[in-house]
Amino acid sequence: MSNFNENPKFVTHPDKITSILCAIQIQNCLCTLSQLGQKKGLLTSIIEVNIEQNLLILDEINSADISTFLQSAHKIKLSTYLNGVHLAFLLTLTEIKKLGTDSLYYSSPLPDRIYYPQRRSSPRLVTDTLTITWPAAKNKFLVHGEVIDISRGGMSFRLAAEENSVQAGDTLKNCHLNLPIGYEMVFTLVIRSIKTERNTVYIGGYFVNLSPQGKNKLDFYIAALEREIIRKRKNPDLNL
């Protein structure tokens, strides 16, 4: 990524940057630290996004090479995947010691931009309260998936690998989603991506055939999620 600073696909709005960083933390995304132009990296994760102090805190890095690694590069690239999309940004890391322990963590000012070429016009918001159901093609039994995130245009969810018979490009008809605002969405979902990790399948798709009422109810629910994110951002104690 030698042209990191020249790539036009950047998120630069502070609120959007904060939202992305918080999503990486909440979803516990595995991150890679590397020097610019180098493929080999060190693994870590984001454990805190401190907006008031403009700080990002990274977990311990279990590597004997970390001191040499930090001394040899002024800027460190952090890269990961969020909702199936690759992202990266630059950090200036400083060692910090956890109070009362010998554990070393690493802090950096929040980045001023993030390379994040989102392919969807409506960013997805993390949720852990929804379940999608649809009738299996063979036996007509309902299949249940745990929703990971949702947007006005689509969603992603997960289910046990042994329960999955869906492939990329499939169309799931008669899907149901009970929104916590007292409304049941009925829709068709076109599957865009599938990823299997261990015994879990992660599936992403986009909505089709949403009724006008369904669109209005979904928009109302998404707006409520966005307001909640802003409220927690302004009141960090609510996240404790």
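I began with the contacts of Ser108, taking contact as heavy atoms within 4.5 Å: leaving aside residues up to four places away in sequence, Ser108 touches Asn54, Leu55, Leu56, Leu91, Thr92 and Leu93. I noted for the whole page that this is a predicted model, in which local features need pLDDT of at least 70 and side-chain atom pairs count only at pLDDT 80 or more, while totals for chains, interfaces and linings use all residues. Residues are numbered from 1 along each chain as its sequence is written, and side-chain values use heavy atoms, with hydrogens and water left out.

I placed Ser108 in strand β9, residues 104-109; helices (H or I, at least four residues) and strands (E, at least two) are DSSP runs, numbered from the N terminus.

Next I looked up the sheet, where two strands pair if DSSP finds at least two bridges between them. The sheet is open, with four strands in the order β4-β5-β9-β8 and antiparallel pairing. Because β4 (46-50) and β8 (94-97) each have a single partner strand, these edge strands have one side left without a neighbour in the sheet. Neighbouring strands are turned by 30° against each other on average, direction ignored (axes are lines fitted to C-alpha atoms, for helices over the stretch in contact, and angles run from 0 to 180 degrees between N-to-C directions). Four bridges join β4 to the antiparallel β5, residues 55-58, and Asn50 stands opposite Leu55 in β5. Helix α1 (residues 14-26) packs on the sheet, touching β4 and β5, and its direction makes about 150° with that of β4.

I then turned to the nonpolar cores, each a set of buried Ala, Val, Leu, Ile, Met, Phe, Trp, Tyr and Cys residues joined through side-chain atoms within 4.5 Å. The largest has 30 residues, of which Leu21, Ile24, Leu56, Leu58 and Phe89 touch the most other members. Helix α1 gives the most to this core, with five residues. A second, separate core of 29 residues includes Leu130, Val143, Val147 and Phe187.

Last, I recorded that the protein has three helices and 17 strands, and that 40% of its 240 residues are buried.

Technical notes: Buried means under 20% relative accessible area, exposed over 50%, partly exposed in between (1.4 Å probe, protein chains only).
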